[in-house]
Amino acid sequence: MLSKRTIIGLVVGSIIIGIGGYSLITHIGTITIHENYIVGTGDSTVYTIPAPAGTPQTMTIVGDSFDLKLQSPGEGLQIPKTSYKKETTLEWVHNEDGATGIQIQNTGNTELEITGTLIRSSDPIWFTFDLMVIISGMVIIGFSMGFTLRKPKGF
């Protein structure tokens with residue numbers, strides 16, 4: 001017969017393993033990010049978008065005036081530092097695996113609104129994080145099973 005603490009440990013450990021497994025599955029492959037960001041007057045922002053070859057990217061920048069510099073991997077889209085007025089839309093495809101770097105400086109008197117759909121590679125650190133969560137669930141189940149064999153002192 002299982003004790004109450006053992007059953008609670010099994011349930012909690014199973015839930016934690018389930019959450020870690022779901023997170024592990026969702027972090028496989030590419031991640032689509034729907035960007036909606038505001039850059040204040042005189043401020044700047046930098047985007048680094050690591051993505052596999054063949055992924056399409058789109059970004060729209062709306063504001064009074066701004067400077068933009070874009071460097072895509074390989075022979076992809078390259079924009080030297082250029083000044084823009086009002087609005088610009090960028091659409092490009094990663095020709096090679098790598099990271100696109102975008103620098104945006106607001107030089108106008110109003111805020112910039114940056115919107116877009118960016119497809120990026122998942123970060124390998126998430127794999128490690130998800131495995132740690134799954135292992136934590138297994139440890140909780142292991143400790144709770146110890147309550148079935150004998151009740152430790154202090155519990």
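Reader: Is Gln57 buried or exposed?

Author: Buried means under 20% relative accessible area, exposed over 50%, and partly exposed in between, with a 1.4 Å probe and protein chains only. Gln57 has 1% relative accessibility, so Gln57 counts as buried. This is a predicted model, in which local features need pLDDT of at least 70, side-chain atom pairs count only at pLDDT 80 or more, and totals for chains, interfaces and linings use all residues. Residues are numbered from 1 along each chain as its sequence is written, and side-chain values use heavy atoms, leaving out hydrogens and water.

Reader: Which residues does Gln57 touch, not counting residues up to four places away in sequence?

Author: Contact means heavy atoms within 4.5 Å. Among those touched by Gln57 are Ile49, Trp92 and Thr117.

Reader: How many aromatic pairs does the structure hold?

Author: Rings of Phe, Tyr and Trp (its six-membered ring) pair if their centres lie within 6.5 Å; planes under 30 degrees apart count as stacked, over 60 as edge-to-face and the rest as tilted. The structure holds 2 such pairs. In one, the ring centres of Phe66 and Tyr84 are 5.6 Å apart and the planes meet at 20°, so the pair is stacked. In the other, Trp126 and Phe129 are edge-to-face, with 5.6 Å centre to centre and 90° between the planes.

Reader: What is the relative accessibility of Trp126, and of Phe129?

Author: Trp126 is at 38% and counts as partly exposed. Phe129, at 47%, also counts as partly exposed. Phe66, by contrast, is buried, with a relative accessible area of 0%.
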